[in-house]
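Subject: Handover of a structure and its findings

Dear colleague,

Please find the structure below, together with its sequence. I would ask you to keep it open while you read the notes that come after it.

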Amino acid sequence: MSNLVWLASFPKSGNTWLRLFVANYLMNAKEPFPINKAHLLTFGDMMGMPYEKLSGKPLSALDDEAVDALRPRVHRALAAQKADVMLVKTHQAVIQRKTASTVTADVTKASIYVIRNPLDVAVSYAHHYGHQPSEMVEALNSPWHKLPGDKKSTVTQYLGRWSDHVLSWVDDAVLMPLVLRYEDMKREPHREFARAIRHLGMEVDEERLDRAIRFSSFDELSKQEKDSGFIERSKNADRFFRGGRIGDGLTSFTDAEIQRVIQDHRAVMVRFGYLDDSGELKL
């Protein structure tokens with residue numbers, strides 16, 4: 001079956017927010033969907049358990065090449081579940097490994113890619129993993145950048161350069177994802193989230209849409225995290241939902257670091273409205 005729906009992004013770009021919105025919309029409940037149950041509705045593409053089940057080996061016995069070879073089987077096993085839609089969160093770039101692509105197109109129903117200003121990504125990313133923002137300037141421009149699996153419960157995710165990650169998804173002629181800008185989701189949530197619902201092949205119910213947006217708002221998500229914690233919070237961060245402000249990168253980097261990001265990613269930043277034609281930053 002072609003029923004996988006990829007919710008894709010570079011880390012710290014709004015993927016979790018999108019997932020929780022979709023969860024609230026799908027459940028159509030009268031109270032907010034618990035953040036610590038998001039994994040019940042969305043499969044995390046980094047989870048190692050399916051690789052262990054298909055191989056019959058512990059994750060610690062599988063190197064990256066073995067995981068790459070198993071990945072299409074994992075995706076097809078997910079698609080074989082009796083569901084019209086299987087939501088899959090991923091931070092993978094769409095790349096060809098030795099034996100297979102990181103994304104299995106022939107079992108894909110649709111995909112949504114969330115993009116965010118790389119300066120703000122770097123700030124949020126640094127906080128999440130306990131690094132200095134300046135370190136992330138280098139990471140965003142590294143073709144070898146990845147999230148290594150821990151050999152216990154997660155497999156490696158291949159990111160590469162921020163620009164290349166974006167283009168690997170948005171320019172894929174087969175996947176053809178809906179592209180949502182994080183900044184537009186913040187400023188025009190009803191318009192942008194309605195686009196997501198239509199892209200998933202569902203009718204937009206305005207009352208249901210409004211409720212799902214409220215139930216996945218920053219105030220609600222941060223309240224839940226304060227009350228019960230969040231299982232996806234990094235051990236290096238004091239909280240996961242920090243505020244998601246637009247423009248944090250402008251106050252967190254030196255002028256030289258900002259210019260470095262612009263130099264490294266100018267073409268994609270212009271294309272998606274983060275720079276004007278003269279190279280000036282746009283918020």
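Predicted model: local features only at pLDDT ≥ 70, side-chain atom pairs only at ≥ 80, totals over all residues.

Residues are numbered from 1 along each chain as its sequence is written, and side-chain values use heavy atoms, with hydrogens and water left out.

The sheet

Helices (H or I, at least four residues) and strands (E, at least two) are DSSP runs, numbered from the N terminus. Two strands pair if DSSP finds at least two bridges between them. Five strands form an open sheet in the order β2-β3-β1-β4-β7, with parallel pairing. The edges are taken by β2 and β7, each with a single partner strand, so one side of each has no neighbour in the sheet. On average, neighbouring strands of this sheet are turned by 25 degrees against each other, direction ignored. Here and below, axes are lines fitted to C-alpha atoms, for helices over the stretch in contact, and angles run from 0 to 180 degrees between N-to-C directions.

The pairings can be followed strand by strand. Five bridges join β1 and β3 in the parallel sense, and L4 has M86 in β3 as its bridge partner. Strand β1 (residues 4-9) also pairs with β4 in the parallel sense, over six bridges; V5 stands opposite A110 in β4. In turn, β4 and strand β7 (residues 178-181) pair in the parallel sense over four bridges, with V114 opposite L180 in β7.

Is strand β4 enclosed or open to the outside? Seven of the eight residues of β4 (residues 108-115) are buried, so the strand is largely enclosed by the rest of the structure. Buried means under 20% relative accessible area, exposed over 50%, and partly exposed in between (1.4 Å probe, protein chains only).

The helices

Contact means heavy atoms within 4.5 Å. The axes of helix α8 (residues 189-199) and helix α9 (residues 206-215) come within 10 Å and cross at roughly 110 degrees. The two helices α8 and α9 are therefore roughly perpendicular to each other; angles under 35 degrees count as roughly parallel, over 145 as roughly antiparallel, 65 to 115 as roughly perpendicular and the rest as oblique. On the α8 side, P189, H190, F193 and A194 take part, and they meet L209, D210 and I213 in α9. Of the residues in this contact, five are nonpolar, one is polar and one is charged. In this grouping, Ala, Val, Leu, Ile, Met, Phe, Trp, Tyr, Cys and Pro count as nonpolar, Asp, Glu, Lys and Arg as charged, and the others, Gly among them, as polar.

T90 belongs to strand β3 (residues 86-90) and is buried, because its relative accessibility is 0%. Its side chain makes a polar contact of 3.2 Å with the side chain of D45 and reaches the backbone nitrogen of Q92 at 3.0 Å. Beyond its neighbours within four places in sequence, T90 is in contact with several residues, including W6, N15, Q157 and W169.

T156 lies in the loop between β5 and β6 and is buried, with a relative accessible area of 7%. The side chains of T156 and D64 are joined by a polar contact of 3.3 Å. The backbone nitrogen of G149 is reached by the side chain of T156 at 3.2 Å. Not counting residues up to four places away in sequence, T156 touches R71, Q92 and K146, among others.

Most residues other than glycine have a negative phi. N28 is partly exposed, at 33% relative accessible area. K151, in the loop between β5 (146-147) and β6 (157-158), has a positive phi near 65 degrees and is likewise not a glycine. K151 counts as partly exposed, at 37% relative accessibility.

Yours sincerely

Key
Polar contact = N/O pair within 3.5 Å; in protein donor to acceptor, adjacent residues only side chain to side chain.
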